[in-house]
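Please read it alongside the structure shown here.

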Amino acid sequence: DLFYRQLPKVELHAHLNGSVSFETMETLIKRKPHLNIEHSMTAIRHGQRRTLDECFEVFKVIHQLVNSEEDILMVAKAVIREFAADGVKYLELRSTLREVAETGLTKQRYIETVLEAIRQCKQEEVDIDVRFLVAVDRRHGPEVAMETVKLAEDFLLSSNEVVVGLDLSGDPNVGHGKDLLSALEKAKNCGLKLALHLSEVPSQRDETELLLNLPPDRIGHGTFLHPEVGGSDSLVEKVCKQNIPIEMCLTSNVKGQTVPSYDKHHFQYWYKRGHPCVLCTDDKGVFCTDLSQEYQLAASTFGLTQEAVWMLSQQAIGYTFAPEPIKQRLEKKWAELKKEIL
Ligand code: 5GP
């Protein structure tokens, strides 16, 4: 639908390697024929669902395909262009730093290459502002988390506000947040904004209780926070009191089977309370979606008017980790476009 494509949008929860499109994947698969990888191993198509565990297997396959500086540069540029083509005006990309001995990739070069992709897109005048969140994979434990925070801190100072924050992601069934607390505290203290995957599965209640004390600047998913799904009043109260925006990814949660159906998505619960909610794609490549589709899906599932949809996208500007002048520029852009589109 044209309205959703034209709607200016803010994307705040996009994992780089989960966002690789079918077309880019084609190129990568051709580049590495010896891996014998097929498309069915890198994307969950319409009507298909997988368990969350199976989703994490998909990322392992993609990581085999994206393992050099050349791959990362290509993938990051393509992903940025695709978001821009979908009407995303501001994007926060996140990615887990990897080193690959075979190709000489280091974690330092990993960040530098993503930043180079962002710089090249800007130079090519792609109509989108892009920032980067350095991701901590919880599976890798506290030492790697601390090392990642240190790298992120270096880039926070040197990247001219392109690196703005830290993400905590990875398989929620592995490890415990208490082991990562000191790394996350350090990140917060040095000025990195925190976007943490919280309560993605029901067993994370204690961990979430603990990590909400940091507090994080945004919550990823938060699927099992509220009491109706096994969360608790105390979790809801903490989130509300601190007014922490929640990044919501409808297709991802339904395809990954943490939410039984679109109409049962927790967007409903939080949106009704007037809590800050932001619609996001999570992994547009893996889950075969884009942000326009996510807005349209939310509108049709929950009966949102175009005015309400506009408000959702505009309010997201306030939840970005962008410097204040950028937020003001975005507000201006929205005001101008509103006359044309709504
Ligand atoms: P990358 O960080 O390599 O750019 O993107 C893929 C990685 O993002 C995965 O290996 C995983 O750590 C993280 N990721 C992507 N989607 C999800 C999700 O839905 N939940 C969690 N917890 N992590 C995710």
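In this predicted model, Thr24, Thr27, Leu28 and Arg31 of α2 touch Glu70, Asp71, Met74, Val75, Ala78 and Glu82 of α4, contact meaning heavy atoms within 4.5 Å. By class, the residues of this contact are 4 nonpolar, 2 polar and 4 charged. Ala, Val, Leu, Ile, Met, Phe, Trp, Tyr, Cys and Pro count as nonpolar, Asp, Glu, Lys and Arg as charged, and the others, Gly among them, as polar. Helices are DSSP runs of H or I with at least four residues, strands are runs of E with at least two, and both are numbered from the N terminus.

The axes of α2 (residues 22-31) and α4 (residues 69-85) come within 10 Å and cross at roughly 165°, so α2 is roughly antiparallel to α4. Axes are lines fitted to C-alpha atoms, for helices over the stretch in contact, with angles from 0 to 180 degrees between N-to-C directions; angles over 145 degrees count as roughly antiparallel. The crossing of α2 and α4 is right-handed, that is, the near helix is turned clockwise from the far one by less than a right angle.

Residues are numbered from 1 along each chain as its sequence is written. Local features need pLDDT of at least 70 and side-chain atom pairs count only at pLDDT 80 or more, while totals for chains, interfaces and linings use all residues; side-chain values use heavy atoms, with hydrogens and water left out.

The next topic is space within the model. On a 1 Å grid over the protein atoms alone, a cavity is a set of points where a 1.4 Å probe fits but cannot get out, and a pocket is an open set with protein on both sides within 12 Å along at least five of seven lines; lining residues have an atom within 4 Å of a point. Grid points are joined across faces, edges and corners, and a volume is the space filled by probe spheres set on the points.

| Space | Volume | Lining by class |
|---|---|---|
| Largest cavity | about 350 Å³ | 7 nonpolar, 14 polar, 6 charged residues |
| Largest pocket | about 620 Å³ | 10 nonpolar, 2 polar, 12 charged residues |
| Second largest pocket | about 270 Å³ | 8 nonpolar, 5 polar, 6 charged residues |

The structure has 1 cavity of 30 Å³ or more. Among the 27 residues lining the largest cavity, His15, Phe56, Phe59, Gly170 and Asp283 lie nearest its centre. Two or more lining residues come from each of α3 (52-65), β2 (88-96), β3 (129-137) and α10 (250-255), and α3 gives the most, with 5 residues.

The largest pocket has 24 lining residues, with Lys122, Asp129, Val130, Arg131 and Ile326 nearest its centre. At least two residues each come from α5 (107-123), β3 and α14; the largest share, 6 residues, is from α14.

The second largest pocket has a volume of about 270 Å³. Of its 19 lining residues, Ser21, Phe22, Lys284, Gly285 and Thr289 are the closest to its centre. The elements giving two or more residues to this lining are α2 and α4, and α4 supplies the largest share, 3 residues.

Technical notes:
Parallel < 35°, antiparallel > 145°, perpendicular 65-115°, else oblique.
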